[in-house]
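Take a look at the structure below. We will walk through it piece by piece.

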Amino acid sequence: MSRPLQSDEELIRRDVRAWLAEQEAKELLRFITCGSVDDGKSTLIGRLLYESKQIFDDQLEALESDSKRHGTQGQRIDFALLVDGLSAEREQGITIDVAYRFFSSARRKFIVADTPGHEQYTRNMVTGASTADLAVLLVDARKGVLTQTRRHSYLAQLVGIRRFVLAVNKMDLVDYDQAAFDAICADYRAFAEKIGIAEWVAIPVSGLNGDNVMSRSDAMAWYSGPSLLEHLDTVPLDAAADAAKPLRMPVQWVNRPNQNFRGFAGQIASGTIGPGAEVRILPSGRLTRVDKVVTMTGELEHAVAGESVTVTLADEVDCSRGDVIAAAGDPPEAADQFEATIVWMADEELLPGRGYWMKIGAQNVTAMVQQPKFEINVNTLEHLAAQTLGLNAIGVAEIATDREIVFEPYAVEGTSPNKALGGFILIDKLTNATVACGMLHFALRRSLNVHRQHLDVSRETHATIKGQKPAVVWFTGLSGAGKSTIANLVEKKLAARGRHTFLLDGDNVRHGLNRDLGFTEADRIENIRRVGEVARLMADAGLIVLTAFISPFRAERHMVRRMMAEGEFVEVFVDTPLAEAEKRDVKGLYAKARAGELKNFTGIDSPYEAPESAEIHIDTTQLSADEAADLVVERLMARR
Amino acid sequence: MRSLTHLDRLEAESIHILRETVAEADKPVMLYSIGKDSAVMLHLAKKAFFPSPLPFPLLHVDTTWKFRDMYALRDKVAADPAIQLIVYKNPEAESKGINPFDHGPIHTDMWKTEGLKQALDTYGFDAAFGGARRDEEKSRAKERVFSFRDRNHRWDPKRQRPELWSLYNVRKAKGESIRVFPLSNWTELDVWQYILKEKIEIVPLYFAAERPTVERDGLLLMIDDERFPMNGETAVMRKVRFRTLGCYPLSGAVESEAATVEEIVAEMLLTKTSERQGRAIDRDGGGASMEKKKQEGYF
């Protein structure tokens, strides 16, 4: 909790109402601090909290005793201990995650994202920077601009930060020497120009002694610029730039308490909104007008970027979560293929071709990332060839989504970034972990210009001529589980009933269509994707398609399921325990895998993710192959 | 053009968080502790979903030892037809008669920590709103707005999901859950300012009044009902108020003259002890106490 600045105390004693009225008009600035391990970042933040009286006496007592126990400053107060929260960090003496701190000045309230300087924690810095208007880069006056300083500048700029403070810290250790400061400024200027950072100021400080932190220090009479706090108090906010841009409001939730009210709730990403405004609903493109901006305390005439509102529309247009309400004359685009910068944040590396959940604004889609065009070395900014992206790697790649999304390019020269419709996260479909974040550059032209050819003989016609309901019957299970055997029997039984079928068998497909693919995880994903596409074409032609592939990953089976029309995908889990399949070992593969001659063998050194809700579950320890085939045929015939 | 104040921004962010949870979670619930932070959170929820009724119930994990004034406000809030309130009491704690006088830390553990886990499991809630703020305590400062919990309700500070922009990952497997903190970026002063600005009703115990008290272990305790065992002490009428509210035998009062929100703010800004200090719960186990409790499933 916050205590007031000394100057406020008097007013609070005299007239707290007047003081509170002043507080209400405060603006909010969010910034991040970044620096190397020993730049004294935590000490500087601790100093800001301490000097703006954000620390209570009981916390100060605890700090004094902690300083003696864990501190690195001898008998002096170690301000870093104020901000190093988790016990694991205390033991290691470093900050390991993003922490948020709060303090205020007479003009502004500040939220500080305190982010670590270690190389392996790029993830945390990008996270902290994503919500910040400004970055404070710490540099040790004795060491100057380091590789880490350049890396942090690059990362902050990557997520759209336009304003930088180079805080040249530990000036006390170089005798407050102007030449040392000037040399560092010159060094940084060259780098800033190179990567296109236009707005930056350098401030010489001492976090330990407080010089130029709150107010200007007598120790550096040669410095005529603002103190750190003075600068933070006056730097322009991104909010003003956001409000000046065209209206974008992602619809978060449709508010429908009864038949007479249909409101669209969301936070305005940019622009302004009010009754009568001409708007376009994306991606449908329908035009309408805003009827009312509804709040609990009455209707608003006007709402601006940053506000969370509920609006009603003049016409009954289709509009749901994920749609975007936009300025009628200047709407964003929709597309399904993009180029993007991706920051990988998980231990498991990117699998090109695998489907990930992509969340952008209120839109949730499946996205596939292609093999990266290049990876960026964050230290040298060189472009490197890359097959994939590992933890903390940054690369540029093409992304395809399974349906069109409304988007805007993330970074735009000369104004604030389009965070709401340009920034996205990728989520692993199996573990639900957030594995990456990204910034969209632009839509690929092929996605804008390639329209599907309309066909006069429809898939319904194909099916009607054959007198059957098409299907993709997807057999999955361990190697040797009995997939091919059962699928073969099913096809024979269907043929006997005059059904038009086709069996796609894993081994056969690998001799032709997929003979360029191996057995790495990425190749297995591509194998399944191609089979899925072929199966879809055959289903479009009216066939009942049977497939027999191990298809070990849930995410890929789900991907194929989503390619097919509702009800046309029938997943059949041929459930044979590993021990049983290994005992049968028809092809002798298990023996080879156990001997280490076969790598990435499902069940041995590569996982099999069993289906959670297959349409048909066959326990081969209970049913014979023939009984199993009868069961599948019976279920298929019963489909309506 | 209107420019937004810091309170406007905090309100908009909290409403965004509330709506995002309702849009993506299967069965959300709001933890309602009857304190001032709960009051603010509830007010924000009403605003977020207006004119719809609250699209989730409130859950009060009761310990049977709250102040009478708290129960009164709770029942008043629940009388609103747009609000559904669930009161949960850990049946084991109830049958064993667990209380703060005889059972020490077990009281909080069984009624609150265990009670909460049981309630979430019993009703199958997969997302629970809590009123915690990052400025309260050091381990909270590092917790995400959407804080993932495993099947055993445990928090793993080393495996938190990155949280970028205002994009929240609400996905989880069956049995796992998410604690959502819409007030993460509020400070105590923000909460008071907002209560004042929005005229939000809070429990009268926050305001100074003459109340019967005894001094015990350095805490001023209020004798709220006849269950309070007097160890030869006599109750003294003191003008006191409470900075945080919990079980009455565990909540320390402070002597005060502050009878309005403005006076509370003035007093708070000019005093020299932090908010959680009046609460006995954080002190056992040294500095890492709250972090440990959270890993075990405490909210």
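In chain A of this predicted model, strands line up as β26-β27-β25-β28-β29. These five strands make an open sheet, and their pairing is parallel. Where does the sheet end? At its edges are β26 (501-505) and β29 (616-619) of chain A, each pairing on one side only. From one strand to the next, the twist averages 15°.

Now zoom in on one pair. Strand β25 (residues 471-476) of chain A runs parallel to strand β27 (residues 544-548) of chain A, and five bridges join them. Within this pair, A:Phe475 stands opposite A:Ala548 of β27(A). A helix packs on the sheet as well: α17 (residues 521-540) of chain A. Helix α17 of chain A touches β25, β26 and β27 of chain A. Its direction makes about 160° with that of β27(A).

Next, see how the two chains meet. Chain A brings 62 residues to the contact, and chain B brings 59 residues. On the chain A side, helix α2 (residues 16-24) gives the most, with five residues. That side of chain A divides into 28 nonpolar, 18 polar and 16 charged residues.

Finally, turn to chain B. Its domain assignment gives domain 1 (6-191 + 288-295) and domain 2 (202-281). The centres of these two domains of chain B are 24 Å apart, taken over C-alpha atoms. How many residues are in contact? In chain B, 18 residues of domain 1 meet 17 residues of domain 2. On the domain 1 side, α2 (36-49), α3 (68-78) and α5 (100-103) of chain B each supply at least two residues. The largest share, four residues, comes from α3(B). By class, this side of domain 1 of chain B has eight nonpolar, three polar and seven charged residues.

Conventions: Residues are numbered from 1 along each chain as its sequence is written. Chains are lettered from A and ligands numbered from 1 in the order in which they are written. This is a predicted model: local features need pLDDT of at least 70, side-chain atom pairs count only at pLDDT 80 or more; totals for chains, interfaces and linings use all residues. Domain bounds come from an automatic or database domain assignment. Two residues are in contact if their C-beta atoms, placed from the backbone, lie within 7 Å. Ala, Val, Leu, Ile, Met, Phe, Trp, Tyr, Cys and Pro count as nonpolar, Asp, Glu, Lys and Arg as charged, and the others, Gly among them, as polar. Two strands pair if DSSP finds at least two bridges between them. Axes are lines fitted to C-alpha atoms, for helices over the stretch in contact, and angles run from 0 to 180 degrees between N-to-C directions.
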